[in-house]
Structures are given as structure tokens and as C-alpha cells.
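Please look through the sequence and the model before reading on.

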Amino acid sequence: MSAKLQSQGRVCLLPLIAILLSIASCTTEQKNIKRVSLVGTGASFPAPLYERWLSDYNQQNPNIEINYQAIGSSAGVQQLIDGTVDFAASDVGITKEQAAKIKRGVIALPITAGSIVLAYNLTPVAQQSPQPQVNVPTALRLPRQVYVDIFLGKITNWNHPKIGAANPGVSLPDLPIQVVNRTDGSGTTSVFTQHLSTISPEWKSKVGAGKSVAWRVGIGGKGNEGVTALIQQIPGAIGYVEYIYAKQNKLSVAALENKSGNYITPTPESVAQTLEAVKLPGDNLIAFITDPTGAQSYPIVTYSWLLTYHQYPNRVKAQALKNFVNWAVIDGQKSSLELGYIPLSKKVVLQVQSAVKKIAE
């Protein structure tokens with residue numbers, strides 16, 4: 001009887017021992033997982049969202065450390081070409097000429113989207129004037145030709161009749177307009193100047209479009225944050241920034257006249273309507289819409305792309321980056337609206353997930 005009980009005891013212990021060994025094995029595997037560090041640089045447009053993502057992702061995956069530095073789209077793409085980073089970010093994707101310089105190949109992934117706004121500073125004027133200006137709204141209406149002429153240096157004062165005509169009943173200050181633009185190579189600049197070139201033959205012939213252009217007027221700041229700071233500091237200033245920078249710093253933004261003749265403020269709904277008209281080609285997922293036709297579409301909208309290599313010498317890094325991107329297009333999108341970005345549509349998410357599979361294949 002004693003021998004039988006001993007035998008049963010051994011049988012009962014075997015599953016328990018197996019479970020304990022399994023737990024010990026998992027614990028050992030977790031301890032043996034090497035820390036992975038990824039480095040990226042590029043556009044300042046998505047930087048606030050990247051900052052949130054990288055913090056949230058690291059909390060869930062403490063062995064994965066991802067660092068991102070906002071230095072502008074041009075510099076980010078160049079560092080990807082030079083091979084000094086693991087990934088880059090650009091608000092204009094990457095050109096075929098640039099991609100041809102990358103021997104390891106490149107994959108462009110639309111990772112978020114948002115609007116470029118014209119932010120301005122008239123509040124200090126109302127506070128400091130001996131006879132305060134009244135009824136200056138936080139969303140002045142700016143006709144298409146008016147904001148083109150402001151950046152061409154043809155409209156130089158806030159009480160110009162053309163601005164007044166679009167804003168009846170508004171007391172506009174007799175104040176010089178101080179244009180603020182970007183000094184660094186910028187995807188935000190490229191998107192903004194592409195729009196201006198599309199709606200104005202004069203702008204196209206005199207200035208044109210690009211990440212860097214020869215501005216006709218104004219002072220420059222580095223990055224969206226630099227432009228934002230100057231707008232805050234200078235009464236009468238107006239400049240173009242990504243929406244989240246205006247939102248975080250409580251800057252007034254203009255309602256812009258779209259192709260249908262309607263004045264549209266940047267909202268999730270108006271920006272999403274514009275994005276619906278953007279068809280991303282299957283080969284590189286890069287496309288733009290420089291002058292949307294939707295009646296309620298906000299006119300200056302762009303995706304922002306995360307650029308990865310096709311091949312990575314370190315397959316652990318490649319897998320870590322793939323895991324992060326897949327997390328960003330699902331869980332990460334939940335932070336988008338809160339920060340002023342537009343979540344990717346289900347169709348675009350599927351396109352990105354398909355493209356991510358090509359990394360390191």
C-alpha cells in the first residue's frame with residue numbers, strides 16, 4: 001500500500017515539476033532577451049506623436065529603446081541615405097532619386113496624418129492698444145489669394161481691405177504683418193509650397209515648391225517649434241505650422257478658403273475629408289493632394305511617412321522595428337486625435353501592415 005502511494009505521488013509530482021520547469025525556462029528566456037536600441041531622425045511634423053508613442057511603447061516593451069530626433073525631413077532622409085540611423089521620418093516620403101542612393105532599399109510607410117495651419121498672433125495687440133481692438137476672432141478668414149499675397153509680401157498690414165472684406169464686422173488692427181517661415185529643409189514647407197504653387201501661377205513662377213525655397217519676405221525659425229515660438233513672441237506674426245504645435249501653444253489659426261470657395265477651419269472632420277480623396281499607390285504608398293475639391297475639405301493636409309530600410313544586417317533590429325510599426329498603426333493610433341493628428345483609415349492600416357512584412361525579407 002505504501003509503495004502504491006509513493007508511485008501515485010511521483011505521478012502527481014511530474015506535471016508540477018513540468019510546470020515549474022516551464023516557468024523557470026520562460027523567466028530565463030526573458031532575462032536573456034537582449035536590449036534593442038533603434039535610432040531615428042527627421043520631420044518635426046509628427047514629433048509630438050512620436051514622443052508619446054515611444055514612451056508608451058517602451059513601457060510595454062522595456063527591452064526596446066527607440067530614440068527619435070526632430071531635425072527636419074531633409075536631414076532625416078539624408079541620414080537614412082548615409083546609413084547613420086535605423087529609420088527616418090518625412091512629410092513628403094522619399095523621391096525615386098533619393099531611394100536609388102540607398103543600396104539596402106527603402107520602404108515608405110504612411111504612419112500618421114495631419115494639417116498644416118496658418119497660425120497668427122493678434123492677441124497682444126488687443127491687450128496693449130490704448131483703444132483695444134474688439135471682436136478679433138480666433139479664426140480669421142483668409143481668402144486663397146490673400147494668404148498667397150501675404151507670403152509673397154504683397155499684403156503687408158493686417159487692416160488691408162482684402163482681409164477686411166473677408167471678415168465683415170471685425171476690427172482689424174493697424175499692424176504690420178510679420179511672416180515667419182522655416183529655415184531648415186522641411187517636409188512641412190514642401191507641402192505648404194506645393195499647395196501655394198497649385199493655387200497661384202504667380203507663386204509657382206516666382207517661388208515654386210520644395211523643402212527649402214527662396215522666401216520673398218519674412219524671418220525664419222528652425223522646425224515647427226521654432227516657427228511656433230516666433231509667432232508667439234511677435235505681435236502681428238503669421239506662419240505655417242503643423243496643427244498640433246498651434247493647438248499645444250493655444251495659437252489662433254486661420255480659416256482658409258478651399259477650392260469650393262468655403263472657409264474651412266482645421267478639424268478632424270475637415271482633414272479626414274481631404275484624406276479620403278488621397279489614393280496611395282500600392283508600389284510606394286506615397287501620394288499627395290495639393291488642392292482638394294471637397295466642399296468641406298481643409299486645403300492643406302498631408303500624411304507623414306516613416307522610412308525604413310528594406311534590408312537590415314541585424315535581424316533583431318529589423319524585427320523590433322516591424323513590431324513597433326505594427327503597434328503604431330493599431331494601438332498607437334488611439335493617441336492621434338488627442339494630440340491633433342488624424343488616425344489612419346482601415347484601408348491604409350492594411351496597406352502599411354502588408355508593406356511592413358517586406359522589411360528584412
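## Overall make-up

Helices (H or I, at least four residues) and strands (E, at least two) are DSSP runs, numbered from the N terminus. By that reading, the protein has 15 helices and 12 strands. This is a predicted model, in which local features need pLDDT of at least 70 and side-chain atom pairs count only at pLDDT 80 or more, while totals for chains, interfaces and linings use all residues. Residues are numbered from 1 along each chain as its sequence is written, and side-chain values use heavy atoms, with hydrogens and water left out.

Of the 361 residues, 51% count as buried (under 20% relative accessible area, with a 1.4 Å probe and protein chains only).

## Two packed helices

Two packed helices are described by the angle between their axes and the distance between the axes. Helix H2 (residues 47-60) packs against helix H13 (residues 315-328) at an angle of about 115°, their axes being 11 Å apart. H2 is therefore roughly perpendicular to H13 (a term for angles of 65 to 115 degrees).

The contact (heavy atoms within 4.5 Å) is made by Trp53, Leu54, Asp56, Tyr57 and Gln60 of H2, together with Ala320, Asn323, Phe324, Trp327 and Ala328 of H13.

## A residue in a strand

Thr308 has its place in strand E12 (residues 301-309), and Thr308 is buried, with a relative accessible area of 0%. Leaving aside neighbours within four places in sequence, Thr308 is in contact with Gly105, Val106, Ile107, Leu109, Leu321 and Ile359.

Methods
Buried < 20%, exposed > 50% of the residue type's maximum accessible area, 1.4 Å probe, protein only. Axes fitted to C-alpha atoms, helices over the stretch in contact; angles between N-to-C directions. Parallel < 35°, antiparallel > 145°, perpendicular 65-115°, else oblique.
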